Amino acid sequence: MTSREEAGALVRRMQECFNTRQFDQAAELFTPDFRNHPLGAIGFEAGRAAWAQVVARFPDMRVVAEDLLIDGDKVAVRSSVEGMDVQGGDVRPVLIEIFRIDGGRLAEAWGVTEGPDPRR
């Protein structure tokens, strides 16, 4: 069982890997059969490809955890998104993600974006 502190640190470490563009180091944070529900994909490679596409379009993009809620093997995180220049200028996207943890690694993810979607 992953402790609350370990679960929070895992999600923060994933965001740190994204923000510092250390995508290869992030791979170790995910189970081999990680399921990304928003992408409809299994495995970390689809997520790595999505990250690469987003940062190619928005090279200054960063995600910042504002709230973390931890319950058992689930972590919900509300994150603000910085460094995006999109139409509507002052409106920053907000990411709401839920992760399931298994054996100290991220096993599943669900998520929605509120405001401008960085994937579009």
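Guide: Two strands count as paired if DSSP finds at least two bridges between them. Helices (H or I, at least four residues) and strands (E, at least two) are DSSP runs, numbered from the N terminus. This is a predicted model, in which local features need pLDDT of at least 70, side-chain atom pairs count only at pLDDT 80 or more, and totals for chains, interfaces and linings use all residues. Residues are numbered from 1 along each chain as its sequence is written, and side-chain values use heavy atoms, with hydrogens and water left out.

Visitor: How many bridges join β5 to β6?

Guide: Strand β5 (residues 94–102) and β6 run antiparallel and are joined by 9 bridges. Within this pair, E97 stands opposite G111 of β6. The two strands form a hairpin with 2 residues between them, and G103 in the turn has a positive phi of about 60°.

Visitor: What is the strand order of the open sheet?

Guide: The 6 strands follow the order β2-β1-β6-β5-β4-β3, with mixed pairing. The edge strands, β2 (41–42) and β3, each pair on one side only. Strand β1 (residues 30–36) pairs with β6 (residues 105–114) in the parallel sense over 3 bridges, and R35 has E108 as its bridge partner in β6.

Visitor: Which residues have the most contacts inside the largest nonpolar core?

Guide: A nonpolar core is a set of buried (under 20% relative accessible area, 1.4 Å probe, protein chains only) Ala, Val, Leu, Ile, Met, Phe, Trp, Tyr and Cys residues joined through side-chain atoms within 4.5 Å. Here the largest has 28 residues, and M14, F30, M61 and L106 have the most contacts inside it. Helix α1 gives the most to this core, with 6 residues.

Definitions and conventions:
Buried means under 20% relative accessible area, exposed over 50%, partly exposed in between (1.4 Å probe, protein chains only).
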